[in-house]
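Here is a short briefing to read alongside the sequence and the model.

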Amino acid sequence: MSTGMTTVKDQAPSDAVIDVVTGAFSYSGRFIAAQLLERGRGVRTLTNHPKPDDPLAPQIPTYPLNFEDPLALVAALKGADTLYNTYWVRAPHGSLTHGVAVENTKQLIESARRAGLRRIVQTSIANPTASTTSYYRGKAALEDAVRSSGLSYAIVRPTLLFGEGDVLINNIAWLLRHLPVFGIPGDGRYRLQPMYVRDHAALLVQAGTESSDQIVDSAGPEIFTFVELVQLLRRAMRVSTAVIHMPPALAMLGANIAGRITGDMLLTRDELDDLMRDVLISHEPARGTTRLTDWLRVHRRDVGRRYASEMERHYPRTGPVLGDSVR
């Protein structure tokens, strides 16, 4: 499997079937868009973060993701076959809460219905009813909205994505590279099941080509405890950072201090609580084939070299916008 960023050299044929990807220049969206183009599909994107210098930009017409203008959303979606929706917000920021993101997404789903799309592929989250946090409540509510939309649908539930540009695993690696001590919240026995972002994108694209309604987990072939994951990264990068256990409250204090230093949202208390609830694993057969242990052998010199800023990715310095995908 290729490990470099896909660059598509040829324009899609003028009669190609068109799909729409929210946030095609963001994280998971860029891999979905690239795979659609490789299959000869045409791609449009709805985004508030256009990137004219992105390698895919010349092949992807860009439209604003403006939830205050439903008619413009319908027009941007008109004539398309499938909507791959990755829009969401990781944590509340200013006036943009999870509740607002739910209403925005409902508007997008209704616009897709009015535009006559055949199918929607919705990015959800593994175990969406396993937590009472607003993140998980919002994801569960949107699954209900997709199911009741009248559109053919696939709901894909990722566990934890890794790969070029991911936030969580990359930033754990960054901390291990830059700190003398790394704190494990609690006993660290809670589990994660990482899914390679390219495998995830392939799963979504395949789900989009089908016609039956479906709900599937997107999870990789390996399960780690959090301690095992941190030690795996530490060994792969060959760093000597000390790893210690600490109370979750103290770990959050450290995350908040690191967040102030980086100017980013490193970790929220809800995210830590959900992590410790063991919800980032699947109870279905793994659909990914790429092992994090194998990927790290190739990328051990690259992972964690640069901090992946959530704020820079989704909230320009001019102020918050109604952001693109976080997953």
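In which strand does Leu192 lie? Leu192 lies in strand β9, residues 191-192. This is a predicted model, in which local features need pLDDT of at least 70 and side-chain atom pairs count only at pLDDT 80 or more, while totals for chains, interfaces and linings use all residues. Residues are numbered from 1 along each chain as its sequence is written, and side-chain values use heavy atoms, with hydrogens and water left out. Helices (H or I, at least four residues) and strands (E, at least two) are DSSP runs, numbered from the N terminus.

**Leu192 and its surroundings**

- Leu192 counts as buried because its relative accessibility is 1%; buried means under 20% relative accessible area, exposed over 50%, and partly exposed in between, with a 1.4 Å probe and protein chains only.
- Leaving aside residues up to four places away in sequence, Leu192 touches a set that includes Leu160, Leu168, Phe224, Leu229, Leu275 and Ile281; contact here means heavy atoms within 4.5 Å.
- Thr225 is also among the residues that Leu192 touches, and the C-alpha atoms of these two, 33 residues apart along the chain, are separated by 6.2 Å.

**Helix α3**

- Helix α3 covers residues 98-115, and its 18 residues should span 26 Å at 1.5 Å a residue, which agrees with the 25 Å between its end C-alpha atoms. The expected span is 1.5 Å times one less than the number of residues.
- Buried residues of α3 are His98, Ala101, Val102, Asn104, Thr105, Leu108, Ile109, Ser111, Ala112 and Ala115.
- An α-helix has 3.6 residues a turn, so residues three or four places apart point the same way.
- The cover over the buried residues of α3 includes strands β1 (18-22), β2 (42-46), β4 (82-85) and β5 (119-123), together with helices α2 (70-77) and α4 (134-147).
- At the N-terminal end, Thr97 caps α3, with a side-chain oxygen 3.3 Å from the backbone nitrogen of Gly99.
- Gly116 follows α3 and has a positive phi, near 85 degrees.

- Arg90 sits in the loop between β4 and α3, and it counts as buried because its relative accessibility is 10%.
- The side chains of Arg90 and Glu271 are joined by a polar contact of 2.5 Å. A polar contact is a pair of N or O atoms within 3.5 Å; within protein, one must be able to donate a hydrogen and the other to accept it, and residues adjacent in sequence count only if both atoms are side-chain atoms.
- The Arg90 side chain also reaches the backbone oxygen of Met265, at 3.0 Å.

**Helix α1**

- The 12 residues of α1 (residues 27-38) should span 16 Å at 1.5 Å a residue, and the end C-alpha atoms are 18 Å apart, which agrees.
- Helix α1 is mostly covered, with 11 of its 12 residues buried; among them are Tyr27, Arg30, Phe31, Gln35 and Leu37.
- Just after α1 comes Gly40, with a positive phi of about 85 degrees.

**Positive phi outside glycine**

- Arg238 counts as exposed, at 65% relative accessibility.
- Asp278, in the loop between α9 and α10 (292-299), has a positive phi of about 70 degrees although it is not a glycine. Asp278 counts as partly exposed, at 23% relative accessibility.
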